[in-house]
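Here's a walk through one chain, going from the overall fold down to a few side chains. Keep the viewer open while you read.

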Amino acid sequence: MSEQQQSGPIVWSCIIAATCVLLFLMQQVLWLSVPFLVGIILYYMLLSPMQRLLRMGYSRNTAALVVGTGFLLVLLLAVLAAVTWIPAPSTAWHEQPAHLGDSVDASLASYTKGFVKRHLTDVLVAAAAWVPSLLLAPFLTFFFLRDGRRFKRFLARAVPNAFFEKTLYLLHEVDQTARRYFHGMLKLTIIDTLVLSVGLWAIGLQSALLLGFIAAVLAWVPYVGSIAGCLLVVLVASADAPDNNMMAYSAIFVFIAARLLDDFIFMPLTLGRSLRIHPLVTVLMIFIGGALAGVTGLMLVLPLLGVMMVIGETIGVLLTDQRLQARHRYARALRVKQASVDLK
């Protein structure tokens with residue numbers, strides 16, 4: 001019988017409680033949680049090419065530097081290509097509110113214009129305040145790549161010999177859990193891109209694939225990202241077809257349908273399955289994370305739950321394995337005997 005099947009209600013209650021406590025604490029240090037999360041995402045994205053360089057004979061410092069520099073160059077080229085390739089809108093941006101009013105509703109356009117005037121400064125100031133914090137992400141990624149194995153060895157040295165094998169298993173499984181989560185995120189992004197692209201193409205919107213991809217990437221921030229992607233597509237739809245009310249409404253319907261499919265089908269089957277968590281637990285923890293820590297909780301609840309699941313199950317095995325406990329007691333008694341042998 002596997003260790004996961006042996007975990008009972010007490011272990012799982014502790015896992016869920018620890019996950020909720022960590023979500024609350026991370027909400028209090030949001031300035032560090034967000035760059036740490038971004039750094040981990042970049043780490044697992046760049047880990048495979050770095051491992052290839054290591055197998056080719058490069059040192060860890062050189063491999064980390066090459067991979068990090070290459071990623072920044074690719075990111076810069078992608079941004080420049082997107083700016084160059086995306087055509088400029090046929091109408092000036094200051095005319096968009098009127099077009100949006102023709103497509104959706106004149107009162108909505110008026111409200112949006114007033115909202116931007118009132119809150120644009122606050123949004124820009126808040127975004128500028130996050131810049132120093134987000135600059136930590138590339139530094140964290142570099143040191144994760146370069147010193148990750150050293151940190152694992154540092155943790156392993158503090159563990160008694162009787163529990164050494166289980167500790168190595170724990171560190172390995174935590175790493176694999178995080179890797180499975182971000183692979184699940186990649187699968188979810190691909191599925192969202194396909195679903196949104198087909199839906200936007202069906203309603204006659206141009207550049208459906210590009211818009212679907214942008215919206216799927218924005219959806220990495222649950223709910224808030226989906227709303228931003230929906231607003232972007234509605235603005236594009238109103239610019240492409242200012243006299244067609246149904247296109248803007250249809251785009252909103254496509255995003256609502258994609259959101260429902262994400263929450264109740266795609267996310268449990270990709271992220272939940274990649275973390276080996278039951279779909280019911282996945283859905284419930286998503287709502288609990290949002291209630292406890294808002295947007296941060298929605299982003300962090302599943303990877304935290306997966307990591308705490310591995311830690312909780314391993315600790316449960318350590319506390320209930322009589323042979324490991326006996327080995328630890330025997331080793332401790334032997335060290336005491338050896339230390340006091342010349343005192344008699």
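## The big picture

Of the chain's 344 residues, 36% count as buried, where buried means under 20% relative accessible area, exposed means over 50%, and partly exposed is in between (1.4 Å probe, protein chains only). This is a predicted model, so local features need pLDDT of at least 70 and side-chain atom pairs count only at pLDDT 80 or more, while totals for chains, interfaces and linings use all residues. Residues are numbered from 1 along each chain as its sequence is written, and side-chain values use heavy atoms, with hydrogens and water left out.

What does the secondary structure come to? You get 13 helices and zero strands, with helices (H or I, at least four residues) and strands (E, at least two) taken as DSSP runs and numbered from the N terminus. Reading along the sequence, the pattern is α-α-α-α-α-α-α-α-α-α-α-α-α.

## Buried spots

Have a look at helix 9, residues 208-218: A208, L211, G212, A215 and A216 are buried there. Looking down the axis of helix 9, these buried residues fall within an arc of 135°, so they line one face of the helix; the arc is that of the directions from the helix axis to the C-beta atoms. As background, an α-helix has 3.6 residues a turn, so residues three or four places apart point the same way.

L305 sits in helix 12 (residues 279-320) and counts as buried because its relative accessibility is 0%. From L53 to V66 you go 13 residues in sequence and 8.9 Å in space, C-alpha to C-alpha.

A salt bridge here is a side-chain nitrogen of Lys or Arg within 4 Å of a carboxyl oxygen of Asp or Glu, and the count comes to two. In one, the side chains of D147 and R146 meet at 3.1 Å, N to O. In the other, R150 pairs with D147, with the closest N and O atoms 3.8 Å apart. Both R150 and D147 lie in helix 7, three residues apart, about one turn of the helix. Through shared partners, the salt bridges join R146, D147 and R150 into one network.

How accessible are these partners? D147 is buried at 15% relative accessible area, R146 is partly exposed at 25%, and R150 is exposed at 53%.

R149 is also in helix 7, which spans residues 136-157. Together with K152, R153 and R157, R149 makes up a patch of positive charge on the surface. Patches are made of residues with over 30% relative accessible area and no salt bridge, joining like charges within 9 Å and nonpolar side chains (Val, Leu, Ile, Met, Phe, Trp, Tyr) within 5 Å. Lys and Arg count as positive and Asp and Glu as negative, with His and the chain ends not counted; a charge is placed at NZ of Lys, CZ of Arg, CG of Asp or CD of Glu.

## A nonpolar patch

Which residues make the nonpolar surface patch of about 650 Å²? They are I256, L260, L261, F264, I265, L269 and F287, with areas from the Shrake-Rupley method using a 1.4 Å probe and, for residues, only the protein chains shown as cover. Helix 11 (residues 245-274) gives the largest share of the patch, six residues. I256 is found in helix 11 and is partly exposed, at 48% relative accessible area.
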